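Work through the exercises below with the model open. Each task is followed by its solution.

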Amino acid sequence: MIRVQGISKSFLVAKRPSGIRHAVKSLFHREYTTVEALQDISFSIAPGEIVGYIGPNGAGKSTTIKVMSGILVPDRGTCSIMGYTPWLDRVPYVQNIGVVFGQRSQLWWDVPVMDSFELLRDIYKIPPAAYRDTLTLLIDTLDLKDIIHTPVRQLSLGQRMRCEIAASLLHSPSILFLDEPTIGLDAVSKIAVRHFIKTINKEKGVTVILTTHDMNDIEALADRILLIGKGSLLYDGSVQGLRSQFGTRRTITAEYRENAHPLQIPGATLLSWTPDRAILSVDTEQIMMSEAITQLSSQVELLDVTIDTQPIEDIIVQMYKEYQL
Amino acid sequence: MMKPYISVFKLRISNGLQYRAAALAGIGTQFFFGFMFIMIFEAFYAHTSGTPPMTLAEVITYTWLKQAFLAFIVLWFRDDELFQLITSGNIAYELCRPSGIYGLWYVKLLAQRLASAMLRCFPILILVIFLPEPYGLQLPTDFTSFLLFLATLFVGLLMIVSLSMLIYISVFITMSPAGSLLLFSVFGDFFAGLVIPVPLMPNWMQQIVYVLPFHWTADFPFRVFTGNLSKTEALTGLCIQSIWLVGLIAVGKFAMDRALRRIVVQGG
């Protein structure tokens, strides 16, 4: 469905040190540096996938989304989405995609949300019956009934974001690009948005590509993640794969009847110890979990054990470190 | 085919009609400047030696038309939203729509001018018809001239929108609307005859003015109204206006396509 091959894009950025002297100097001579926003990015995405696109700020996530949605023209490389090259066949192509830029607004600021929706209906030439059905579905699932007649400027961020997402889906696109859809949202709105993305993916088979900094979004939604850093693609695979590759550590918290001797388990490091409680970090590549538990129960009389996997946030931080991003 | 454009047009008009207080203030300002212009011309005409190329009555009518249809003819009438779209990067959304940007923006600008003019022109026109001699507006001698005036004013309006599209396109490159706006509006408005009617300019300057497109947007329709130009002149002028219009739109579309190809979406 989506095939991206060797996409590169660079930007020219004017540079000058601060201060009046340099400002005057730059009137006559400007210095530019080239920033390689994307370098030779390739991947392909099958219909119905939800793909999380992650990376630190400035890694090139948004640029990739903009190239894929036909807004930016890359310097090199090819991209074929549903048979179209986005930047060449822009007008026929965009009929098939929906885009949400979490930091921008597509709704008309001074008029009720409904007016913007109707304008989009006419721009996308949506047949009346299809429009009615989609709109009902969107109003129900995103809970828009009470806010649809309010001017956009009077909506809260969470309300607005739900409307933005609805606006991007009115024309029933088969691909949805979400550029930080949960930015600045509270927990309730985030969950509502996630739930909705999951629903349209399941029920309508919409392919979703989302960028985010919230790893909970990724864990809740994405089957697959693409990690990009400094313009290059660093990881392409499942969340589980990421865990098994980078997140091999587990934390065991054990409570037991008083025991004077500190625990000793090969392959595990003791993070903290008191006579009745210990926290261990276990590297599952060195010792099997079952083995660690057996060792533990042989040394103390266990009362309670909890095992925590490493939070995905930490794994990502570890990856960023490893790749020096 | 036309539906998206019509909806943008309608939404923009209904949006524009909200600003009643601004319209009221605008009407006041336009009356003030109208009287000021007329008094200056009156003073000049009182001391003129030869026969001027326009009668005082024609100049007064010309001035009132200019004040009434200001939203149709000035280049500084602008849509800050479009400028913001470009400089803040929100243009990203416009580019995700299955329609040409040029067309959508064109109707947006057109609707905005129409909405503004609808609120202002009628009160001004009605009042100035009843002003005492010599300050009043003189109606055209026959109905055909009036129809010709409407036609030329309308094509002139389309021309001014395509001219102002060039200002918006230039912002893609300069990233600041101030320069283009100032340049276009100072020169454009002067060459359109908004400061002094073109027939009152010295000959050498008239020759420059007639080569440029600006006078077709204001000076020409107003002189059709006052009868300063004959009906045949009006008809040939209408043809030239249309040729200019087609040319300006073609240039604008070409420039827009070029600008979009090398666009940078600002702000991440």
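Axes are lines fitted to C-alpha atoms, for helices over the stretch in contact, and angles run from 0 to 180 degrees between N-to-C directions. Helices (H or I, at least four residues) and strands (E, at least two) are DSSP runs, numbered from the N terminus. This is a predicted model: local features need pLDDT of at least 70, side-chain atom pairs count only at pLDDT 80 or more, and totals for chains, interfaces and linings use all residues. Residues are numbered from 1 along each chain as its sequence is written, while chains are lettered from A and ligands numbered from 1 in the order in which they are written.

**Exercise 1.** Describe how H3(B) and H7(B) pack.

Step 1. Take the geometry. The axes of H3(B) and H7(B) (residues 101-129) lie 8 Å apart, at an angle of about 155°.

Step 2. Classify the angle. Under 35 degrees is roughly parallel, over 145 roughly antiparallel, 65 to 115 roughly perpendicular, and the rest oblique. H3(B) and H7(B) are therefore roughly antiparallel.

Step 3. List the residues. Trp64(B), Gln67(B) and Ala68(B) of H3(B) meet Arg120(B), Cys121(B), Ile124(B), Leu125(B) and Val128(B) of H7(B). Contact means C-beta atoms, placed from the backbone, within 7 Å.

Step 4. Sort them by class. Six are nonpolar, one is polar and one is charged. Ala, Val, Leu, Ile, Met, Phe, Trp, Tyr, Cys and Pro count as nonpolar, Asp, Glu, Lys and Arg as charged, and the others, Gly among them, as polar.

**Exercise 2.** Is Phe69(B) buried or exposed?

Step 1. Locate Phe69(B). It sits in the loop between H3 (56-68) and H4 (70-73) of chain B.

Step 2. Apply the cut-offs. Buried means 20 or more other C-beta atoms within 10 Å of the residue's own, exposed 12 or fewer, and partly exposed in between. Phe69(B) has 23, so it is buried.

Step 3. Find its partners. Not counting residues up to four places away in sequence, Phe69(B) touches Ala117(B), Cys121(B) and Leu153(B).

Step 4. A nonpolar core is a set of buried Ala, Val, Leu, Ile, Met, Phe, Trp, Tyr and Cys residues joined through C-beta atoms within 7 Å. The largest has 139 residues, and Phe69(B) is among those with the most contacts inside it. H8(B) gives the most to this core, with 14 residues.

**Exercise 3.** Check the length of H8(B).

Step 1. Count. H8(B) (residues 143-174) has 32 residues.

Step 2. Compare. The expected span is 1.5 Å times one less than the number of residues.

Definitions and conventions
Contact = placed C-beta atoms within 7 Å.
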